[in-house]
Amino acid sequence: MKQRDVAEINLHDLQVSDPLIGKCQQFVREVAIPYQGDTLNDRNPEAIPSHAVENFRIAAGRAKGEFCGTVFQDSDVANG
């Protein structure tokens, strides 16, 4: 197999032949990421509001308000 530079690899086009890994990827794509997005944006009624994304809006001057929530939750947004 020809070695490729990391910049040449399109992660969206990778095909995994292992059915378990494929199911895990599908679960993450269809369930986990949307759930986390809703939670970080305070749209999940089952989760305690984190104010994480709103803190970034306030810091960017796109919203008015004060920092709320715990400090580590903002890193959840940055790492996502």
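Leaving aside neighbours within four places in sequence, which residues is Asn55 in contact with? They are Glu66, Phe67, Cys68 and Asp74, where contact means heavy atoms within 4.5 Å. Keep in mind that this is a predicted model: local features need pLDDT of at least 70, side-chain atom pairs count only at pLDDT 80 or more, and totals for chains, interfaces and linings use all residues. Residues are numbered from 1 along each chain as its sequence is written, and side-chain values use heavy atoms, with hydrogens and water left out.

**The overall picture**

- The protein has three helices and zero strands, and from the N terminus on its elements run α-α-α. Helices (H or I, at least four residues) and strands (E, at least two) are DSSP runs, numbered from the N terminus.
- Of the protein's 80 residues, 15% count as buried. Buried means under 20% relative accessible area, exposed means over 50%, and partly exposed is in between (1.4 Å probe, protein chains only).
- Accessible areas come from the Shrake-Rupley method with a 1.4 Å probe; for residues, only the protein chains shown count as cover.
- Take the contacts between residues at least 6 apart in sequence: 12% of them join residues at least 24 apart.

**Helix α2 and its neighbours**

- Helix α2 covers residues 52-59, and its buried residues are Ala52, Val53, Asn55 and Ile58.
- Those buried residues pack against α1 (19-40) and α3 (71-79).
- Back to Asn55: this residue of helix α2 is buried, at a relative accessible area of 6%.
- The side chains of Asn55 and His51 are joined by a polar contact of 2.8 Å. A polar contact is a pair of N or O atoms within 3.5 Å; within protein, one must be able to donate a hydrogen and the other to accept it, and residues adjacent in sequence count only if both atoms are side-chain atoms.
- After α2 comes Gly61, with a positive phi near 80 degrees.

**Salt bridges**

- The count comes to two salt bridges, each being a side-chain nitrogen of Lys or Arg within 4 Å of a carboxyl oxygen of Asp or Glu. Side chains of opposite charge can pair when their charged atoms come close.
- One of them links Arg43 with Asp38, with the closest N and O atoms 3.1 Å apart. Arg43 is exposed, at 52% relative accessible area, while Asp38 is partly exposed, at 31%.
- Another joins Arg57 to Glu54, and here the closest N and O atoms are 3.2 Å apart. Both residues sit in helix α2, three residues apart, about one turn of the helix. An α-helix has 3.6 residues a turn, so residues three or four places apart point the same way.
- Arg57 is partly exposed at 35% relative accessibility, and Glu54 is partly exposed too, at 22%.

**Helix α1 and the surface**

- Phe27, Val28, Val31 and Ile33 make up a nonpolar patch on the surface, with about 360 Å² of accessible area together. Patches are made of residues with over 30% relative accessible area and no salt bridge: like charges are joined within 9 Å, nonpolar side chains (Val, Leu, Ile, Met, Phe, Trp, Tyr) within 5 Å.
- Val31 belongs to helix α1 and is partly exposed, with a relative accessible area of 40%.
- Gln36 is also found in helix α1, and it's partly exposed at 35%.
- The C-alpha atoms of Gln36 and Asp76 are separated by 9.3 Å, with the two residues 40 apart along the chain.
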